[in-house]
Every structure is written in structure tokens, then in C-alpha cells.
Amino acid sequence: LEVDKIKKWHPQCRLLLRIKAPSDSGSLRPLGKKFGALPEEIESLLHYACNVAGLKVVGVSFHVGSIAQDPTIYREAIANARAVFDVADYLGIPKMQILNIGGGFRSTPLFEEIASVVNEAVQDFFPDPNLKIIAEPGRFFPETAFTLVTHVIGKRVRGEKIEYWIDEGIYGSFRPTLYNSCFVGIKTISMKESCEIGESTIYGPSCDSLDAVAVDIKLPELELDDLIVFYDMGAYSKCAGTKFNGFDMLSTPTYIVSTNST
């Protein structure tokens with residue numbers, strides 16, 4: 001058991017019990033299959049950790065999944081966290097003090113809606129003013145801060161569909177488990193203006209047939225050495241790069257552009 005490992009190697013630590021969000025289907029990358037205790041497991045886990053192993057469980061955490069699209073799942077998860085606090089009180093465990101609401105946030109107008117739902121749920125379920133609330137807004141901060149510029153290095157025309165190859169792919173900045181072209185702005189920069197908009201697919205440079213960056217999207221016709229620009233690429237992109245197939249995606253140069261506000 002994980003509790004026994006903690007008891008052996010770090011018995012003085014303060015723990016949060018991570019619970020499975022009641023619904024994470026509204027997120028692009030659900031995490032509930034791998035992480036989080038189920039409601040029927042809560043009481044036995046708390047009893048064993050606190051009353052048997054003698055560890056300190058000081059709060060609850062959850063994560064509704066990456067890129068949450070449904071604000072109401074936060075309210076459901078906070079309600080479930082309240083139930084865990086109540087179980088702890090029933091077991092006579094020292095009063096819990098921390099609620100970790102996880103992440104899943106993007107820097108979009110939806111964030112304001114999620115924040116409103118979270119604030120209302122906390123007021124309804126956790127009126128204690130001494131409760132400490134923390135979050136994990138990893139994607140929220142860097143996502144819109146970086147833009148990726150790629151070169152067209154290959155082109156194929158098949159009927160009315162055009163396929164392009166660029167010098168970035170899923171083994172670089174477009175990690176398939178964390179990237180979705182629906183949430184990234186795409187702009188083309190061409191030496192030759194084209195009014196023709198057609199069905200296109202963008203592939204990465206590797207030999208893997210799964211190395212597709214965007215499939216069946218509308219783009220103006222491009223030529224070799226034209227640029228395709230991807231916006232909102234600051235989160236979970238270059239940091240996941242590899243050297244697969246000999247393409248050193250880890251060495252993609254980064255340029256910092258800033259303006260002097262004074």
C-alpha cells in the first residue's frame with residue numbers, strides 16, 4: 001500500500017487525500033482513470049492512514065482533467081470534497097485545513113466562468129474562513145505566452161486535398177496527449193498570396209504515420225519554405241520534445257520578444 005510506503009519513508013509529512021472527480025468527461029484529457037479515490041474507498045483510507053499508520057491527512061485534492069470545458073464539474077468535485085471532510089470529522093481525525101482544486105484552466109473567457117462556479121461552490125460547501133484553498137494552474141500561465149513558427153518542408157497534392165510537412169511534429173512541440181489543434185490558433189505566412197482555400201492536412205517530419213499536427217483543416221495553398229504559425233503553444237510543448245528519428249526537437253531556438261512599457 002502507498003500508505004505503508006509513506007509511513008516508512010516520510011512519516012512526518014502532511015498528506016492530502018486525492019479523490020476522483022465525479023465527472024471528468026467535460027475535459028479534453030480526463031485523469032480519473034488513473035488517479036483518485038472512489039467515494040466507497042474514502043472511509044477505509046482515512047481510517048488506515050490516520051488511525052492505524054498514524055499519518056496526518058490535512059486536506060483533500062482533486063483534478064477534473066486537463067482543459068476543462070464544463071465549469072459545473074468543479075462544483076460537483078467540491079461537493080465531493082466536502083463529503084470527505086465530513087467523513088474525517090466522523091472518524092475523529094483532526095480538522096482538515098486544505099482544499100486543492102487542481103487545474104485544467106486555460107487563459108480564455110471560460111476561466112472567468114469557472115472561477116465564478118468555484119467561488120460559489122466554496123461558499124456553499126466550505127463556509128469556514130480558515131480553509132486554505134490551492135490550485136495547480138500550470139497551463140493557465142504559459143499557454144498564451146509562446147508562439148511556434150514552423151517551415152513547410154514538404155508538399156503533396158492529391159485531388160482537391162493538399163498535404164504539408166513541417167519541421168515540427170508530435171515528437172516535438174505537438175505531444176498528442178496534451179495538444180489539440182482545436183485549441184490552437186493557426187496562421188499561414190506565404191511569399192505568394194493565395195485566395196484559394198482548400199482542405200489541408202499538416203504532418204510532422206518523422207517516419208511515424210501518426211505524426212499529424214492538424215487534419216482536414218482549411219488553409220490557403222502554400223509552397224515550400226512558407227511559414228505556418230501556431231499560437232498558444234506555451235504549455236506542454238517544447239518541454240516534451242525528443243530526438244526521435246534524428247530530429248533534435250529539444251534544440252528548437254526560443255526567442256524572447258518584449259515591449260518596454262515605459
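This is a predicted model: local features need pLDDT of at least 70, side-chain atom pairs count only at pLDDT 80 or more; totals for chains, interfaces and linings use all residues.

Strand β5, which covers residues 98-100, pairs with β6 in the parallel sense, and 3 bridges join the two; within this pairing, Leu99 has Ile133 of β6 as its bridge partner. β5 and β6 belong to an open sheet of 4 strands, whose order is β1-β3-β5-β6 and whose pairing is parallel. At the edges of this sheet stand β1 (14-18) and β6 (132-134), each of which pairs on one side only, and neighbouring strands are turned by 30° against each other on average, with direction ignored. Helix α3, made of residues 72-90, lies across β1, β3 (56-61) and β5, and runs at about 160° to β3.

The protein is divided into two parts, domain 1 (2-134) and domain 2 (143-244), and the C-alpha centres of these two domains lie 38 Å apart.

In general, the strands of a sheet pair through backbone hydrogen bonds, and they may do so either parallel or antiparallel. Both senses can be followed from β8: strand β7 (residues 148-158) and strand β8 (residues 161-166) run antiparallel and are joined by 6 bridges, whereas β8 and β10 pair in the parallel sense over 4 bridges. The hairpin of β7 and β8 has 2 residues between the strands, and Gly159 in this hairpin takes a positive phi near 65°.

The table lists individual bridge partners.

| Residue | Bridge partner | Strand of the partner |
|---|---|---|
| Leu99 | Ile133 | β6 |
| Gly154 | Trp165 | β8 |
| Arg158 | Lys161 | β8 |
| Tyr164 | Ile202 | β10 |

The side chain of Asp211 reaches the backbone nitrogen of Ile170 at 2.8 Å. Leaving aside residues up to four places away in sequence, Asp211 touches Gly169, Ile170 and Tyr171, and also Tyr203, Gly204, Pro205 and Ser206.

The cysteines call for a separate remark. How many disulfides does a search of the whole structure find? The search finds 0 disulfides. For Cys13 the reason lies in distance, because the closest cysteine sulfur, in Cys50, is 11 Å from the sulfur of Cys13, too far for a bond; a disulfide would require the two sulfur atoms to be within 2.5 Å. As for accessibility, are Cys13 and Cys207 buried or exposed? Cys13 counts as buried at 10% relative accessibility, whereas Cys207, at 64% relative accessibility, counts as exposed. These assignments follow from the limits applied, because buried stands for values under 20% and exposed for values over 50%.

Technical notes. Residues are numbered from 1 along each chain as its sequence is written. Side-chain values use heavy atoms; hydrogens and water are left out. Buried means under 20% relative accessible area, exposed over 50%, partly exposed in between (1.4 Å probe, protein chains only). A polar contact is a pair of N or O atoms within 3.5 Å; within protein, one must be able to donate a hydrogen and the other to accept it, and residues adjacent in sequence count only if both atoms are side-chain atoms. Contact means heavy atoms within 4.5 Å. Domain bounds come from an automatic or database domain assignment. Two strands pair if DSSP finds at least two bridges between them. Axes are lines fitted to C-alpha atoms, for helices over the stretch in contact, and angles run from 0 to 180 degrees between N-to-C directions.
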